[in-house]
Amino acid sequence: MQITSRLEFAADPKTVHLMMTDRGWLTELVGRSEATSHSIDIAGPTTRVEMALPAPQEIARFVGSALNLRQTVTWGDPAQDGSREGSLVVEVPGMPVTMNGSARMYPGGQGTVVDYSGDLKVNIPLMGKKIEQQAAPHVKDAIDTQQAVGDDWLAARG
């Protein structure tokens, strides 16, 4: 199932990239997701966030009370205008669930636009599509949380 998200931040791409690879911003992002535990790794342009979230009621019978997620975002080098291409991978360890996609950051909107596009796959015979439909809004909401956290982070530093 295809998932897309468009975010707009009131800052230039360099500042937005610094924000998205900042441990404090990632910690705030995890905090707003109601994670019961988490870890954050940052290696240059790659961020990896692992967290345990309360499982949404619709999928709790498949995953239990907690949903473990691993999100990895890797940004490429900037172009002359500051734009960057990247990749987004979301995994559910121990489950046949993945989302592979792209990330794009470029000047536009209020200052910088960040577009995500990915394909959520649940490889469970007969039930995969139904679980994808139930999980997709939660995945999109998690990505969209970056907007509010980013707006607050930029305002506090502006």
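## Close-up views of a predicted model

**View 1. Helix H1 and its buried residues.** Pro13, Val16, His17, Met19 and Met20 are the buried residues of helix H1, which spans residues 13–20. Viewed down the axis of H1, these residues fall within an arc of 160°, so they line one face of the helix. An α-helix has 3.6 residues a turn, so residues three or four places apart point the same way. The N-terminal end of H1 is capped by Asp12, with a side-chain oxygen 3.0 Å from the backbone nitrogen of Lys14. The model shown here and in the other views is predicted.

**View 2. Helix H2, its buried side and its two ends.** The buried residues shown in H2 are Trp25, Leu26, Leu29 and Val30. Around the helix axis they cover an arc of only 135°, which puts them on the same side of H2. Among the elements that cover these buried residues are H1, strand E2 (37–43), E3 and H4. At the start of H2, the backbone nitrogen of Gly24 has a side-chain oxygen of Asp22 within 2.8 Å. After H2 comes Glu34, which has a positive phi, near 65°.

**View 3. Pairing of strands E3, E4 and E5.** Strand E3 (residues 46–54) and strand E4 (residues 66–75) run antiparallel and are joined by nine bridges. Within this pairing, Val49 has Gln71 of E4 as its bridge partner. E4 also pairs with strand E5 (residues 84–91), again in the antiparallel sense, over six bridges. Here Thr72 stands opposite Val89 of E5. In a regular strand the side chains alternate between the two faces of the sheet.

**View 4. Surroundings of Val90.** Val90 is found in strand E5. Its relative accessibility is 11%, so Val90 counts as buried, the cut-off being under 20%. Leaving aside residues up to four places away in sequence, Val90 touches Leu69, Arg70, Gln71, Val97, Thr98 and Met99. Asp41 lies 49 residues from Val90 along the chain, and the C-alpha atoms of the two are separated by 15 Å.

**View 5. The largest cavity and its lining.** The model has one cavity of 30 Å³ or more. The space in the largest cavity is about 60 Å³. Its lining consists of Met20, Trp25, Leu26, Leu29, Thr47, Gln71, Val73, Trp75, Tyr116 and Gln146. Helix H2 (23–32) and E4 each contribute at least two residues to this lining.

**View 6. The largest pocket.** The volume of the largest pocket is about 670 Å³. It is lined by 32 residues, of which Leu53, Leu67, Leu69, His138 and Ala142 are the closest to its centre. Two or more lining residues come from each of H2, E3, helix H3 (57–63), E4, strand E7 (111–122) and helix H4 (128–157). H4 gives the largest share of the lining, with eight residues. Leu69, one of the residues closest to the pocket centre, is also among the residues that Val90 touches.

Technical notes
Residues are numbered from 1 along each chain as its sequence is written. This is a predicted model: local features need pLDDT of at least 70, side-chain atom pairs count only at pLDDT 80 or more; totals for chains, interfaces and linings use all residues. Side-chain values use heavy atoms; hydrogens and water are left out. Two strands pair if DSSP finds at least two bridges between them. Helices (H or I, at least four residues) and strands (E, at least two) are DSSP runs, numbered from the N terminus. Buried means under 20% relative accessible area, exposed over 50%, partly exposed in between (1.4 Å probe, protein chains only). The arc is that of the directions from the helix axis to the C-beta atoms. A polar contact is a pair of N or O atoms within 3.5 Å; within protein, one must be able to donate a hydrogen and the other to accept it, and residues adjacent in sequence count only if both atoms are side-chain atoms. Contact means heavy atoms within 4.5 Å. On a 1 Å grid over the protein atoms alone, a cavity is a set of points where a 1.4 Å probe fits but cannot get out, and a pocket is an open set with protein on both sides within 12 Å along at least five of seven lines; lining residues have an atom within 4 Å of a point. Grid points are joined across faces, edges and corners, and a volume is the space filled by probe spheres set on the points.
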